[in-house]
Amino acid sequence: YKAKEVKFYTPNFFVKIGLALLTLVICSFAMGLIALMFSFHSPQVLLIFMGIVTYVAAEILISQKAHYNSGVDNMLVWMAALFLCLGISWGMGGGPYEDSIFSFLTFIICFVLAARFADTLLSIAATIALLCFVFFSYQHTGALAKATTPFIIMIVSAAIYFVSAIMANSPGLLLYRYCLKCVNVVALLALYASGNYYLVKELSNEMFHLGLRLQDPLPMGWFFWSWTFFVPLIYIGMGIRNKNITLIRTGIPLVAVAVLIFRYYHSILAPEMALMLGGVLLFVVSYSLINYLREPKKGFTFRPENYTSDSHKFGQLITNELINNAAASIAADKHRNNDWE
């Protein structure tokens, strides 16, 4: 057991926050001090230099001081990504493909750092950057992009979800399980957002200058309204069928989003009446499900898991048994070698 003891430094949640804020302050002061000492004439060079310094500091801290999600290592990695992305953005001179190039480089930086440190926040940033790269790059295809951009984002989001779901079930990627779960959620949200009526209409007005007013219908509005309402229900249904809590937790808030978007364009009840009826409905449904699932039904239950007083000893017993078997095997090998000699 002593041979397998983990000695990483991982404090509690509040200490993590304090250490992360302290690291942020130190990095900010260090950046100012370095700028004064070495007289950097280009902000781009300073930002990239700080990105390299914070990355090296994170590597040293983790390898020598054994920090693991201590707040310090997390903030150093985030600051490294931020400094490098800001440095690249500062040095870009504009152009029609600037958004595509920047989003692609941001994706590379966040992906590499997320793969190196198994960081969930950078995994989310890498996924968003990849979607932005596809979005901005597709805008250069011409007039066809105005009508087909939502469908391209739908396809890419669905592909990201299925690939990350397959990777999350791979034993070789166990350390990236939480990162891949975050990628799952981002892909599901992007898949819904790509066909959401409100987002499609407002982004079309903003980017393509369609001039649609609030009461004007969106082309193929029936499809986007159907997407807005039915996709959250599909998430919930697939989550229940496959016992996938990620789909369920993603679908339930999106149902409320769909209702709010419908009320934004079509006011039926007064806001206070709608909120009251919605609260009553949620209370009734929740209370009914809790009572119904007090006894297990088809693999679902509301009953909390019960543990015996000896449950915490099971792991120790198994570990001791494995160590004893390994010791016996080593002794047998030594005895066999002595016999040969």
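Predicted model: local features only at pLDDT ≥ 70, side-chain atom pairs only at ≥ 80, totals over all residues.
Me: What makes up the contact of H7 with H9?
Reply: Leu188, Leu191 and Tyr192 in H7 meet Trp227, Thr228, Val231, Pro232 and Tyr235 in H9. Contact here means heavy atoms within 4.5 Å. By class, the residues are seven nonpolar, one polar and no charged. Tyr and Trp count as nonpolar under the scheme used.

Me: Why is Pro217 called exposed?
Reply: Its relative accessible area is 61%, and exposed means over 50%, so Pro217 qualifies. Pro217 sits in the loop between helix H8 (197–208) and H9. Lys201 is 16 residues from Pro217 in sequence, with a C-alpha to C-alpha separation of 8.9 Å.

Me: What is known of the space in the second largest pocket, and which residues lie closest to its centre?
Reply: The second largest pocket holds about 820 Å³. Its lining has 28 residues, of which Tyr68, Asn69, Asn74, Phe117 and Ala118 are the closest to the centre.

Me: Which helices supply at least two residues each to the lining of the second largest pocket, and how do the lining residues divide by class?
Reply: The helices are H1 (13–38), H2 (43–65), H3 (72–91), H4 (98–117), H5 (120–138) and H7 (177–193). The lining divides into 17 nonpolar, five polar and six charged residues.

Note on methods:
Residues numbered from 1 in each chain as written. Heavy atoms only, no water. 1 Å grid on protein atoms, 1.4 Å probe; cavity = no way out; pocket = protein on both sides within 12 Å on 5 of 7 lines; lining within 4 Å. Points joined across faces, edges and corners; volume = space filled by probe spheres on them. Helix = DSSP H or I, 4+ residues; strand = E, 2+ residues; numbered from the N terminus. Buried < 20%, exposed > 50% of the residue type's maximum accessible area, 1.4 Å probe, protein only.
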